[in-house]
Amino acid sequence: MPDNYFLKKKVCLLGDGAVGKTSLIRKFVYDQFSDDYIITIGTKVSWKELNLSGLRGSYKIKLMIWDIIGQREFEKLQHEFFRGAHGALIVCDLTRYETFENLRYWIRRLKAVSGEVPFIFLGNKCDLDTQEISKRDLETISADYETEFMFTSAKTGENVERAFTLLGRNILADHLREHTRTHTTASILDRIVVDFCNTNGGVELAMPLFKQEFEKCGANFANPSTGDLENLSEALAALTANLLDDAHADLMRKRYKVWISEVQ
Ligand SMILES: Nc1nc2c(ncn2[C@@H]2O[C@H](COP(=O)(O)OP(=O)(O)OP(=O)(O)O)[C@@H](O)[C@H]2O)c(=O)[nH]1
Ligand SMILES: [Mg+2]
């Protein structure tokens with residue numbers, strides 16, 4: 001894979017209300033903190049680039065960071081928000097034990113929508129004196145889920161950058177594992193279908209459009225040729241330019257070109 005290989009990945013922050021999700025994002029993206037609590041209304045998306053170096057070169061990862069209200073009543077909104085996530089930070093407030101007990105609830109919710117994606121636990125507000133959650137508690141839950149944890153403070157900035165970077169690394173590792181597997185034209189087609197639908201408003205909306213374009217190409221669905229995939233990729237990108245814009249279409253073209261080149 002080339003140096004500076006560019007990836008775009010969706011990351012979610014999960015956890016109860018007021019644990020510090022919005023504050024962690026603000027610290028990481030804008031290096032700002034405020035003691036005021038403003039409940040997150042709906043969702044907000046922020047962007048930040050990470051430069052990661054790996055054994056096989058350097059990678060730029062653009063994290064699309066989704067913030068959402070933590071109150072459980074907003075289950076449907078949260079469901080939409082977890083869709084297509086590549087990784088998550090699952091946050092508790094070290095000064096409130098119930099936010100630790102609820103971590104398992106958030107993992108269940110994430111897994112139900114996004115499947116097996118990397119996640120890390122954060123014990124936030126480590127700058128405060130009254131701590132109800134111990135290192136032992138976080139060690140235990142991390143061992144149960146075979147993942148890692150960190151103590152963070154959105155106020156002092158402690159471990160904030162490290163937490164997002166660690167998650168970025170785990171997402172990159174996941175991506176590289178997926179991309180070093182043997183790929184057939186059918187498995188690339190599988191990836192293209194899902195990606196096209198995610199880009200264009202979801203399966204319900206986009207699948208009929210995909211079918212239309214696929215039928216025009218006249219290819220065999222179970223065993224397309226690489227030429228078929230190239231034609232299809234161009235047709236889907238042109239359609240995306242109409243439905244969304246040229247920027248989305250260009251990125252799609254680039255993505256599919258890389259994927260098709262991986263067919264063995
Ligand atoms: N001392 C301290 N306060 C923090 C920290 N992180 C967040 N806070 C405070 O905790 C309160 C809640 O923080 P938010 O970031 O809004 O919490 P949230 O998880 O986004 O809450 P919802 O949007 O309701 O889900 C705010 O008053 C923050 O200033 C921290 O690391 N240390
Ligand atoms: Mg918030």
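The model is predicted, so local features need pLDDT of at least 70 and side-chain atom pairs count only at pLDDT 80 or more, while totals for chains, interfaces and linings use all residues. Residues are numbered from 1 along each chain as its sequence is written, and chains are lettered from A and ligands numbered from 1 in the order in which they are written.

Begin by colouring residues 4-180 as domain 1 and residues 185-261 as domain 2, bounds that come from an automatic or database domain assignment. The C-alpha centres of these two domains lie 31 Å apart.

Next, select ligand 1 and the 22 residues that surround it, of which G20, T22, S23, T40 and G70 are the closest; a residue counts here if its C-beta atom, placed from the backbone, lies within 6 Å of the ligand. This shell divides into 7 nonpolar, 9 polar and 6 charged residues, where Ala, Val, Leu, Ile, Met, Phe, Trp, Tyr, Cys and Pro are nonpolar, Asp, Glu, Lys and Arg are charged, and the others, Gly among them, are polar.

Now select helix α1, residues 21-30, which gives the most to that shell, with 3 residues; helices are DSSP runs of H or I, at least four residues, numbered from the N terminus. Because 7 of its 10 residues are buried, α1 is largely enclosed by the rest of the structure, and the buried residues are K21, T22, S23, L24, I25, K27 and F28. Buried means that 20 or more other C-beta atoms lie within 10 Å of a residue's own, exposed means 12 or fewer, and partly exposed lies in between, with C-beta atoms placed from the backbone. After α1 comes D31, whose phi is positive, near 55°.

From there, select V91, which is one of the residues that touch the most other members of the largest nonpolar core, a set of 43 residues; such a core joins buried Ala, Val, Leu, Ile, Met, Phe, Trp, Tyr and Cys residues through C-beta atoms within 7 Å. A second, separate core of 15 residues includes I188, L236, A249 and M252.

Finally, select helix α6, residues 160-180, whose end C-alpha atoms are 30 Å apart, which agrees with the 30 Å that its 21 residues should span at 1.5 Å a residue, the expected span being 1.5 Å times one less than the number of residues. In α6, the buried residues include V160, F164 and L167.

Conventions. Helices (H or I, at least four residues) and strands (E, at least two) are DSSP runs, numbered from the N terminus.
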